Amino acid sequence: MTQRQKDETIIHRPQIVAVDDDWFDVQKVSNRLYTISEPRHYEHTVMNLLVGKQHAVLIDTGCGIGNLSRVVEQLTNLPVTVVNTHTHLDHLGSNHQFSDIIMFDHPNSRNVSQNGALKEDFVRELLDEKFVTPPWPRSFELASTTLPPFKVSRWIKHEDILELGDICLKVLHTPGEASDHICLLEQNDRILFTGDILLHGAVWSHLDGGDIEELSHSYELLMQYYDEIDFLMPSHNTSCLEKNLLPIALAGVKEILDGNVVPRQGKDAWGRFYNEYDFGRISILTRQLSR
Ligand SMILES: [Zn+2]
């Protein structure tokens, strides 16, 4: 291991970082990685902030509930570039608060950047009172929530390398939960930012744009990089996951596709029926015909 890698090895017990904000929790996970999470939202959204020597990169912008840019300003003075893992609203809710945004080139990303999203979209997907544990943050006004159109500075494609100072991210197109989903492999720190497809909890391939076979191909693609990864940083729930979750998820998806596992049937908060296949730390939801 080089000195640089030693310096940037993950801190096993993340340190809580005090910020002047009543909505986000911030933790320092390594010398240059912070998690910024929304623990009172039912999805426990996690944004990751990499702070390099010349540049900072914010992966995802959460639900748009608190003042995210103000929190980021408390953590770094460096120029900040946002990269979104996909276009679900809980991953780009505060994009309009940032001026430098990189997105995967996909019709969904083009559409949301040009048109934004309406208050009704946010309320339906995220902001209904049943999804949030009160109190709402001081500065938040539900009545005026929208995502205005925002400018994308760079469109990226599969296998692009984003070099932002000493931060080096490889873009990996990984559909399965959303057709525009990407994972980002930080090649110096050996971290895979996994968005919504590898996490502790449920991976939702039952959504529009989700597909269990594509999810299987995405896990196979990520396995090609297995030796370049030390740990996983997802966009929901618990952070700093061991990388062996990836082969567990891949084996699970193959069992589903081979018809070898019995699902539990359920219905999500929006009335969509799903089959849930449980593999311990991770479960996978697939579509079920409506009844
Ligand atoms: Zn999500």
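Two strands are said to pair if DSSP finds at least two bridges between them, and the helices (H or I, at least four residues) and strands (E, at least two) are themselves DSSP runs, numbered from the N terminus. This is a predicted model, in which local features need pLDDT of at least 70 and side-chain atom pairs count only at pLDDT 80 or more, while totals for chains, interfaces and linings use all residues. Residues are numbered from 1 along each chain as its sequence is written, and side-chain values use heavy atoms, with hydrogens and water left out.

- Strand β3 (residues 33-38) runs antiparallel to β4 and is joined to it by six bridges, and leucine 33 has leucine 50 of β4 as its bridge partner.
- The hairpin of β3 and β4 has six residues between the strands, and there histidine 44 takes a positive phi near 40°.
- Seven of the seven residues of β4 are buried, where buried means under 20% relative accessible area, exposed means over 50% and partly exposed lies in between (1.4 Å probe, protein chains only).
- From β4, Thr45, Met47, Leu49 and Val51 point one way, whereas Val46, Asn48 and Leu50 point the other way.
- Strand β4 (residues 45-51) also pairs with β5 in the antiparallel sense over four bridges, and these two strands form a hairpin with four residues between them.
- Across this pairing, leucine 50 stands opposite valine 57, and valine 51 has alanine 56 as its bridge partner.
- In strand β5 (residues 56-59), Ala56 and Leu58 point one way and Val57 and Ile59 the other way, and all are buried.
- β5 and β6 run parallel and are joined by four bridges, with valine 57 opposite threonine 81 of β6.
- Together with helix α2 (residues 68-75), β5 and β6 make a right-handed β-α-β unit; right-handed means that, with the strands pointing away from the viewer, the path from the first strand over the helix to the second runs clockwise.

**Histidine 91**

- Histidine 91 lies in the loop between β6 (80-83) and β7 (101-104), and it counts as buried because its relative accessibility is 0%.
- Leaving aside neighbours within four places in sequence, histidine 91 is in contact (heavy atoms within 4.5 Å) with residues including Asp60, Asn84, His86, Asp196 and His236.

**Helix α5**

- Helix α5 has twelve residues (212-223) and should span 16 Å at 1.5 Å a residue, which agrees with the 17 Å between its end C-alpha atoms; the expected span is 1.5 Å times one less than the number of residues.
- Among the buried residues of α5 are Ile212, Leu215, Tyr219 and Leu222, and what covers the buried residues of this helix includes β10 (167-173), β11 (182-186) and α6 (245-257).

**The six-stranded sheet**

- Six strands form an open sheet with mixed pairing, in the order β9-β10-β11-β12-β14-β15, and its edge strands, β9 (161-164) and β15 (241-242), each pair on one side only.
- β9 and β10 pair in the antiparallel sense over four bridges, with leucine 164 opposite isoleucine 167.

**Cysteines**

- A search of the whole structure finds zero disulfides, a disulfide being a pair of cysteine sulfur atoms within 2.5 Å.
- The sulfur of cysteine 183 is 16 Å from the closest cysteine sulfur, in cysteine 240, which is too far for a bond.
- Cysteine 183 counts as buried at 0% relative accessibility, whereas cysteine 240 is partly exposed, with a relative accessible area of 26%.
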